[in-house]
Amino acid sequence: NALTTQTSSSLYDYVYGITSLDTNPIGNWNTAYNAIATVHLFLEKGLSPDITYHLTNEEYDKLFRERSKGECYFLRAWWQHELLRNYGGLSEDGQALGFIIVDRTFNKNERSQINSLPRATFEECVLKILNDCDSAIKYLPNKYNSNPNTLPEPNHPHGQSNYQRASGRAALALKSRVALLAASP
């Protein structure tokens, strides 16, 4: 029975029963929904046509937008996967439950009531995540060029400087994890 003596630790709060949704060291419900809200905000505002990401090269601007859109779909799929894995379960009548599917930016009033929305079924959540993975694969390069001696150059939207970002391969890996979770009883 280990116990931390660090009173500022969230585990200390957990042991003494003074946690909340925001300070739970084990769960990530609010973290996931905050991340999903950020993704929606970027999809709605960050990819608007009045924002230019690359001033001197229209092709790079287009590729940057596509990559950013793919990363958004990947991140939304990732956080939905976290919600499904951590909070999916059975209802009182034995129905497999998923999480609350949020597919747009909510205003402040709506965000305060998100936990009162009904949870989607496990199958609906799996399909949502798989669709987001497919969208990510559509917009992301399969892998980033990690060799600085070959094209594209390092600062290209698919070049070496973007190595370790979400990629098509990462989206395929996440898709396989979700499929395995869905196949497991």
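This is a predicted model: local features need pLDDT of at least 70, side-chain atom pairs count only at pLDDT 80 or more; totals for chains, interfaces and linings use all residues.
Local features need pLDDT of at least 70, side-chain atom pairs count only at pLDDT 80 or more, and totals for chains, interfaces and linings use all residues. Residues are numbered from 1 along each chain as its sequence is written, and side-chain values use heavy atoms, with hydrogens and water left out.

Helix α2 spans residues 29-46 and packs against α3 at an angle of about 160 degrees. Their axes lie 9 Å apart. Helices here are DSSP runs (H or I, at least four residues), numbered from the N terminus. Axes are lines fitted to C-alpha atoms over the stretch in contact, and angles run from 0 to 180 degrees between N-to-C directions. The two helices, α2 and α3, are therefore roughly antiparallel, a term for angles over 145 degrees. The crossing of α2 past α3 is left-handed: in such a crossing the near helix is turned anticlockwise from the far one by less than a right angle.

Contact means heavy atoms within 4.5 Å. On the α2 side, the residues that meet α3 include Trp29, Tyr33, Ile36, Val39, Phe42 and Leu43. Among their counterparts in α3 are Cys72, Leu75, Trp79, Leu83 and Tyr87. By class, the α2 contact with α3 comprises 13 nonpolar, 5 polar and 3 charged residues. Ala, Val, Leu, Ile, Met, Phe, Trp, Tyr, Cys and Pro count as nonpolar; Asp, Glu, Lys and Arg count as charged; the others, Gly among them, are polar.

The structure holds 4 aromatic pairs (ring centres of Phe, Tyr or Trp within 6.5 Å, the six-membered ring being used for Trp). Tyrosine 73 and tyrosine 139 form a stacked pair, 6.1 Å centre to centre with 15 degrees between the planes; stacked denotes planes under 30 degrees apart. This pair links distant parts of the chain. Tyrosine 73 sits in helix α3 (residues 58-87) and tyrosine 139 in helix α5 (residues 122-139), 66 residues apart. Both tyrosine 73 and tyrosine 139 are buried (under 20% relative accessible area, 1.4 Å probe, protein chains only). Trp29, Tyr33 and Tyr87 form one aromatic cluster.

Serine 135 also belongs to helix α5. Its C-alpha lies 6.3 Å from that of tyrosine 73, although serine 135 and tyrosine 73 are 62 residues apart in sequence. Serine 135 is partly exposed because its relative accessible area is 21%, partly exposed covering values between the buried limit and 50%.

Serine 167 occupies the loop between α5 and α6 (168-183). Serine 167 is buried, with a relative accessible area of 10%. Not counting residues up to four places away in sequence, serine 167 touches Leu140, Pro141, Asn142, Lys143 and Tyr144.

Technical notes
Rings of Phe, Tyr and Trp (its six-membered ring) pair if their centres lie within 6.5 Å; planes under 30 degrees apart count as stacked, over 60 as edge-to-face and the rest as tilted. Angles under 35 degrees count as roughly parallel, over 145 as roughly antiparallel, 65 to 115 as roughly perpendicular and the rest as oblique.
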